[in-house]
Amino acid sequence: MKAEVPPADEEPTIDVPLKKGTKAVKISHIKIVGGESDAAAYRQAVEIAGRLVDGGLWDGESQIRFEDVYTTAKKIKGLSDKEIGSLFTLEDFVESND
């Protein structure tokens, strides 16, 4: 008799704030690989992730990695979503698997 395999648990998600609503993104899809990595840095990374979605650079389905959240925040500050999407690539802000 075969042992039953328990169903895989759904990975937890975090709500990424967007201009209009939120997007549930798997927690493992937003990583901090350098610089500060405390709770405040993670909250900042989630905010930036929302800006990248609003700007059309990231769909929330792939993993992104922040080399330095606060440096990225300075880069993106003051840019409109249209500027983010038309003047930059995702790799200008984060590392990705794409």
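Residues are numbered from 1 along each chain as its sequence is written. In this predicted model, local features need pLDDT of at least 70, side-chain atom pairs count only at pLDDT 80 or more, and totals for chains, interfaces and linings use all residues, while side-chain values use heavy atoms, with hydrogens and water left out.

**Exercise 1. The outline of the chain**

Work out how many helices and strands there are in the chain, and how the elements run from the N terminus on.

Step 1. Read from the N terminus, the elements follow the pattern β-β-β-α-β-α-α-β.

Step 2. The chain has 98 residues, and 34% of them count as buried; buried means under 20% relative accessible area, exposed over 50%, partly exposed in between (1.4 Å probe, protein chains only).

**Exercise 2. Pairing the strands**

Find which strands pair, and in which sense.

Step 1. Two strands pair if DSSP finds at least two bridges between them.

Step 2. Strand 1 and strand 2 are antiparallel, with five bridges. Within this pair, Asp15 stands opposite Ala24 in strand 2.

Step 3. The two strands make a hairpin with four residues between them, and Gly21 in the turn has a positive phi of about 90 degrees.

Step 4. Now turn to the open sheet: its three strands come in the order 3-4-5, with mixed pairing. Strand 3 and strand 5 (95-96) are the edge strands, each pairing on one side only.

Step 5. Strand 3 and strand 4 run parallel, joined by three bridges. Lys31 is found opposite Arg65 in strand 4.

**Exercise 3. The buried face of helix 2**

Explain why the buried residues of helix 2 line one face of the helix.

Step 1. List the buried residues of helix 2 (residues 69-76): Val69, Thr72, Ala73 and Ile76.

Step 2. Look down the helix axis: these buried residues fall within an arc of 105 degrees, so they line one face of helix 2. The arc is that of the directions from the helix axis to the C-beta atoms.

Step 3. See what covers them: the cover includes strand 3 (30-32), helix 1 (39-54), strand 4 (64-66) and helix 3 (81-87).

Step 4. Check the ends. At the N-terminal end, Asp68 caps helix 2, with a side-chain oxygen 3.0 Å from the backbone nitrogen of Tyr70. After helix 2 comes Gly78, with a positive phi near 85 degrees.

**Exercise 4. The setting of Arg65**

Is Arg65 buried or exposed, and what is it in contact with?

Step 1. Leaving aside neighbours within four places in sequence, Arg65 is in contact (heavy atoms within 4.5 Å) with Lys31, Val33, Val94, Glu95, Ser96 and Asn97.

How values were computed: Polar contact = N/O pair within 3.5 Å; in protein donor to acceptor, adjacent residues only side chain to side chain.
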